Amino acid sequence: SSDLRSKSGQTLYRISPWAKYVCQGDNVVYDWVHWEPAEAYKHQHPRPKKLKSIRIYEAHVGIASHEGKIASYKHFTHNVLPKIRDLGYNCIQMMAIMEHAYYASFGYQITNFFAASSRYGTPDELKELIDTAHSMLLSVLLDVVHSHASTHSEEIRSAHV
């Protein structure tokens, strides 16, 4: 992370746009976390072969729980993926996967394009979700909307969290 000075002289806290993992701290401010686990996740299953006929299930990890709380990658992996497979879909389009500070934006005010949303779990838990989907012969698309990039300043993040 780094500090920048605005035209008015105000100091702005910025997180690197290349951060792979960004977490909310004890307050509303997010911070860059260096993600390098001692043992990297090893995929067990190859990507499914190219589909001749595609049936896409659009999904949002955060709203995938009936419990009225934000769901996790693990919850989605164990409770939702089997249902999607059993319904006959062969592809999942994952919405709101990139980090976004303002949850009510439905994940479309992206603050870090290279960071999986920490709101749902760790990068390795997302990798496990995708690996499990592949084991079920489900292709996975990550929904990215570049035109909805948000600022990285602390002030904007704090106003929306």
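The legends below describe close-up views of a predicted model.

**Figure 1. The largest pocket and its lining.** The volume of the largest pocket is about 310 Å³. Its lining comprises 16 residues, and those nearest the centre of the pocket are Lys20, Phe114, Ala116, Pro123 and Lys127. Strand S8 (110-116) and helix H2 (123-135) each provide at least two residues of this lining. By class, the lining of the largest pocket holds 13 nonpolar and 3 charged residues, with no polar residue.

**Figure 2. The second largest pocket and its lining.** A volume of about 190 Å³ is computed for the second largest pocket. This pocket is lined by 15 residues, with Ala64, His75, Asn79, Val80 and Lys83 closest to its centre. At least two lining residues come from strand S5 (56-60), and at least two from helix H1 (73-86). Helix H1 gives the largest share of the lining, namely 6 residues. The lining of the second largest pocket divides into 8 nonpolar, 5 polar and 2 charged residues.

**Figure 3. The largest nonpolar core.** In soluble globular proteins, nonpolar side chains tend to be buried together. In this model the largest nonpolar core consists of 22 residues, and Val61, Tyr73, Phe76, Leu81, Ile92, Met94 and Leu129 have the most contacts inside it. Helices H1 and H2 and strands S6 (91-95) and S8 each contribute at least two residues to the core. The largest share, 5 residues, is that of H1. For Leu81, the contacts beyond its neighbours within four places in sequence are with Phe76, Ile92, Leu129, Thr132, Ala133, Met136 and Leu138.

**Figure 4. The aromatic pair of Tyr57 and Tyr89.** The model contains 2 aromatic pairs. In the pair shown here, the ring centres of Tyr57 and Tyr89 are 5.1 Å apart and the ring planes stand at 80 degrees, so the arrangement is edge-to-face. Tyr57 belongs to strand S5 and Tyr89 to the loop between H1 and S6; the pair thus links distant parts of the chain, 32 residues apart. Tyr57 is partly exposed, at 29% relative accessible area. Tyr89 is likewise partly exposed, at 30%.

**Figure 5. The aromatic pair of Tyr73 and Tyr120.** The rings of Tyr73 and Tyr120 also form an edge-to-face pair, with 5.6 Å from centre to centre and 80 degrees between the planes. Because Tyr73 lies in helix H1 and Tyr120 in the loop between S8 and H2, the pair ties together parts that are 47 residues apart in sequence. Tyr73 has a relative accessible area of 0% and is buried. Tyr120 also counts as buried, with 2% relative accessibility.

**Figure 6. The surroundings of Ser139.** Ser139 is located in strand S9. Its relative accessibility is 16%, and Ser139 therefore counts as buried, the limit being under 20%. When neighbours within four places in sequence are left aside, Ser139 is in contact with Pro48, Leu51, Asn90, Cys91 and Ile92.

**Figure 7. The position of His146.** His146 is found in the loop that runs between strand S9 (139-142) and helix H3 (154-160).

Conventions: Residues numbered from 1 in each chain as written. Predicted model: local features only at pLDDT ≥ 70, side-chain atom pairs only at ≥ 80, totals over all residues. Heavy atoms only, no water. 1 Å grid on protein atoms, 1.4 Å probe; cavity = no way out; pocket = protein on both sides within 12 Å on 5 of 7 lines; lining within 4 Å. Points joined across faces, edges and corners; volume = space filled by probe spheres on them. Helix = DSSP H or I, 4+ residues; strand = E, 2+ residues; numbered from the N terminus. Nonpolar A, V, L, I, M, F, W, Y, C, P; charged D, E, K, R; others polar. Core = buried A, V, L, I, M, F, W, Y, C linked by side-chain atoms within 4.5 Å. Buried < 20%, exposed > 50% of the residue type's maximum accessible area, 1.4 Å probe, protein only. Contact = heavy atoms within 4.5 Å. Phe/Tyr/Trp six-rings, centres within 6.5 Å; stacked < 30°, edge-to-face > 60°.
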